[in-house]
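Here's a quick tour of a structure you have open.

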Amino acid sequence: QKAEERTIDNSAKEMLMHTLREGIETVWDRSEMQKPACRFCSDGLSCSRCAMGPCRIISEHHRERGVCGADADLVVSRNLLDTIATGAASHSDHGRDIVETLYKTGKGEAPGYLISDEAKLKRIAEELGIETSQKSNDEIAVSLGYFLLDEFGMIKNSLGFCSRAPEQTREIWEKAGITPRSVDREVVEAMHRVHMGVGANYANILIHGLRTSLSDGWGGSMMATECSDILFGTPAINKSMVNLGVIDEDYVNISLHGHNPMLSEMIVKAAGEQELIDLAKSYGAKGINLVGLCCTGNELLMRKGIPMAGNHFNQELIITTGALEAMVVDYQCIFPSLPRTASCYHTKIISTSDKSKMTGSYHFDFKPENAVETARAIVKTAVENYPNRIPEKVFIPGDPVELYSGFSVEAIKEALGGTFSPLIDVIASGDIFGAVGVVGCNNPKIKHDYGHVTLAKELIKNNILCVETGCAAIASGKAGLLTPDAAFLGGPKLKAVCKKLGMPPVLHMGSCVDCSRILVLLAELAKALNVGIDKLPVAGAAPEWYSQKAVSIGSYFVASGVYTVLGVMPKIAGSNNVVDLLTKDVESVVNAKFAVEPDPKLAAELIISHIENKRKELGI
Ligand code: BF8
């Protein structure tokens, strides 16, 4: 495969030609080496849950059941529930780390962390029924932290943030029996249900998948978003730059990769310390240049306007610039092979989480209690690596692209004049035909960024506003869609709205846990119209998804009433019943369903006709 067949990101294309020339292995090479994929695994028909197997369901050879007796429906649905639970657990465990940091900050056990958004701290605490009038900020942080930690595994049988959903949506959950009870409980129960001899009815298993995903979206992820805002600031609209060109040859370059801002925010503080900047200068650099990758990059971009180097498939390519002194990682979406890639260069891969140690990385044990010293030590290690750079190996592609981010729900509301009414008015009038959350990853099964960018362009051309998170948002940024100027690519009505408000046609709403911001926005719009989320002229899409987390997001979108189109087929094709349930029958339960369409232009058609129907139903 040639570089231009692998990506539409121009800076990545240049680097890929470089890796192909130099023989440096990337995700695309490994994907090719894995071909052909096992058909039974691709269809979800293999099971290695217990020691009686492994089993594969091969109907044509009369292998209709695994050793335990599970048929195709059961094998496929159990595998899918496992996937959803893994995704929900990942988001939620990240959420717990943030909540714990908030709690420890209030207790005075996390020096270096501060309450950055006092108003939000009070607002959220009051929303959850916590008394604030007689308390200091630290005391509120302790009470809120305790309340939210309790939501992970408690006996209250309800999650505080679920009350944000419109009543009509909550009624649907109650009727379907999918109201999440607590975060850990749903994940643990999912693990219980996939044990041999427990769940044996595919529909019953999948319904629990919806409940588990709701405990992520309206639970763990929402906690991650809200508490990160309290600790590090609620994002406001800001301007920055994106693509591999943000690497600056004259500086010590450090990329921050992963997901949790409790690490990256501390690195930002340390890298601003004069002593470390002077150290960098003493080695001949002009200073320290921090750049983001993936969702940690999104967290920093949204709140601090730190330049973004790229999304999931840019993570290896940034190392091959030869100008990266350190890549600091926490957890999730970090290729385990990064130390191997880095071994061709002077780059140090620095792992920081006890949960995510990597063979070949330098490990720093980062905790809220030691965050300041550890962040300093990490930055110092990177700076001291600058003299090891091999100038002949440095190759930095073209110029970065401008983008706007920071579109938190609060920032959108403020930009609209303090109320969502103007947005509701333009949706009702048809000037904005609908809104679509485009989210998710990169996957070698889809040309890098092609799915995201093509879908977003098709949608805005049809006057549909895109709200994006994760690697989808970064793809749009690299393609220039996150600027007000991109309005010229929109349909005439959307173009006029964007011009009037000075906003981009594609709004960057944050990292993947910030899909919870999309839920809050949907809830606000639905409540203003006095309908459930399922009635809104909106949709979700994950054109290039790969991760278990993305499956959880897709599932909580659908469970919340949002029609969702996937660009990559999940491993469910081995069961017609499971496919039918998720793409048809689930609609009778939550009034929303999944569709799968790898071609983003056809996916746009599906979404447009769905939005048309929703508008008709609403009478607008
Ligand atoms: O949480 S979009 S590749 S980086 S999983 Fe990962 Fe997918 Fe990117 Fe962020 Ni989300």
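Start with a distance: the C-alpha centres of domain 2 and domain 3 are 30 Å apart. Keep in mind that this is a predicted model.

| Domain | Residues |
|---|---|
| domain 1 | 3–61 |
| domain 2 | 72–232 |
| domain 3 | 244–393 |
| domain 4 | 407–618 |

Where domain 2 meets domain 3, 13 residues of domain 2 are in contact with 13 residues of domain 3. On the domain 2 side, helix 5 (72–107) and helix 10 (202–232) each put in at least two residues. Helix 5 has the largest share of that side, with six residues. By type, the domain 2 side splits into five nonpolar, five polar and three charged residues.

Now for the ligand. There are 15 residues around it, and those that come nearest are Cys295, Cys333, Cys441, Gly470 and Cys512. Helix 13 (294–304), helix 20 (470–478) and helix 23 (548–559) are the elements that give two or more residues to this shell. Domain 3 and domain 4 each contribute at least three residues to the shell. Its make-up is seven nonpolar, seven polar and one charged.

Last stop, the core. The largest nonpolar core has 204 residues, and Ile254, Ile267, Val379, Val436, Cys466, Leu522 and Ile607 touch the most other members. What does Val379 contact, leaving aside neighbours within four places in sequence? Its partners are Ile254, Ile267, Ala270, Ala271, Leu276 and Ile288. As a rule, nonpolar side chains in soluble globular proteins tend to be buried together.

Conventions
Residues numbered from 1 in each chain as written. Predicted model: local features only at pLDDT ≥ 70, side-chain atom pairs only at ≥ 80, totals over all residues. Near = placed C-beta within 6 Å. Helix = DSSP H or I, 4+ residues; strand = E, 2+ residues; numbered from the N terminus. Nonpolar A, V, L, I, M, F, W, Y, C, P; charged D, E, K, R; others polar. Domains from an automatic or database assignment. Core = buried A, V, L, I, M, F, W, Y, C linked by C-beta atoms within 7 Å. Buried ≥ 20, exposed ≤ 12 C-beta atoms within 10 Å, placed from the backbone. Contact = placed C-beta atoms within 7 Å.
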